[in-house]
Amino acid sequence: MNAPTALPPWLPTAPCTPGRCAAHPDGTGPDPGAGLPRALARLTAGTAAVLLGVLLAPAAAPLPPAARLALVRLWTRTVVRAFGVRVRYEGTPAAGPLLVVANHVSWLDVPLLAAVLPARTVAKAEVRRWPVLGLLAALGGTLFIERDRLRALPGTVRAMAGILAAGGRVAVFPEGSTWCGRERGRFRPAAFQAALDAGCAVQPVRIDYRPADTAAYVGDDPLGTSLWRVVTTRCLTAEVRLADPLPSGRYPDRRALAAAAQRAVAPRGTTRRDPARRVPAQRARASDSANLSPSSVHQRARSRPAAASSSRTPS
């Protein structure tokens, strides 16, 4: 995404644009002509599945937590499949409180994560005002953040740490913006402070799409255009790979933890040896103790959590 000049300089940006990243010169992308009836059927089914979730959400509220989570998994998988997306999951989700972190390509990332690791997602405040999706996000306990207010960041990190310390899960996209998949951004370290403060593990997740660019929701791409591109694409497949969880206590600070998580979701064959393995245990424990200070979230305030995503992306 090319950020408008009026945006604050600390907001993460990506070079991805709809015209450059959503084109399919090889003919593997959208096929609006031959598949028009199928595309309309997918769009209708997907929209109906989303609306059904809105209608049933109040009725599911009194259910036990385990039942609600099972319904969330079933519903999100139904929504993704209704839009014509096939999903392949690899790996086993870890148990207990987790900071779930993933690369960010599309609005589809949110239901794909929820289908295997339901969690409270960090999202920009603008999402609350979106039709239907904003209501769903609020009902799902989304943590909204004013992405233009840097002073709001420490409070968001404290809220995340509180959820994790109570045994919950929080999902963030630390790149801070959507990328097309061929290009990817650096994991911003701010959100990882919550895992350090709560003493919980980080669950890295990598999301890929085939064809690579069809699902990319970047720059000023309208949601309607993105939806149409998804439902008109032949054999769109999402691959979700759950890496091994990272114990936060192994790392001396949030920057090292963020770097380790980014290596964990890198394409196969590009992962380097984790330097945290070479940190003496005594030094790591001392650094972790320092990171537990309430004031630690104010340090290096230019780091941003995944809530600062591209201007039209839900998370």
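**Figure 1. Buried residues in the predicted chain.** Of the 315 residues in the chain, 51% are buried. The model is predicted.

**Figure 2. Helices and strands of the chain.** The secondary structure consists of 10 helices and 8 strands. Contacts between residues at least 6 apart in sequence were also counted, and 81% of these join residues at least 24 apart.

**Figure 3. The salt bridge between Arg88 and Glu239**. The structure holds 2 salt bridges, and one of them joins the side chains of Arg88 and Glu239, with an N to O distance of 3.5 Å. This pair links distant parts of the chain, since Arg88 lies in strand E1 (residues 86-90) and Glu239 in strand E7 (residues 237-242), 151 residues apart. Arg88 has a relative accessible area of 54%, so this residue counts as exposed, the cut-off being over 50%. Glu239 is partly exposed, at 25% relative accessibility.

**Figure 4. The salt bridge between Asp208 and Arg206**. Here the closest N and O atoms of Asp208 and Arg206 are 3.0 Å apart. Are the two residues of this pair, Asp208 and Arg206, buried or exposed? Both are buried, which means that each has under 20% relative accessible area.

Key. Residues numbered from 1 in each chain as written. Predicted model: local features only at pLDDT ≥ 70, side-chain atom pairs only at ≥ 80, totals over all residues. Heavy atoms only, no water. Salt bridge = Lys/Arg side-chain N within 4 Å of Asp/Glu carboxyl O. Helix = DSSP H or I, 4+ residues; strand = E, 2+ residues; numbered from the N terminus. Buried < 20%, exposed > 50% of the residue type's maximum accessible area, 1.4 Å probe, protein only. Contact = heavy atoms within 4.5 Å.
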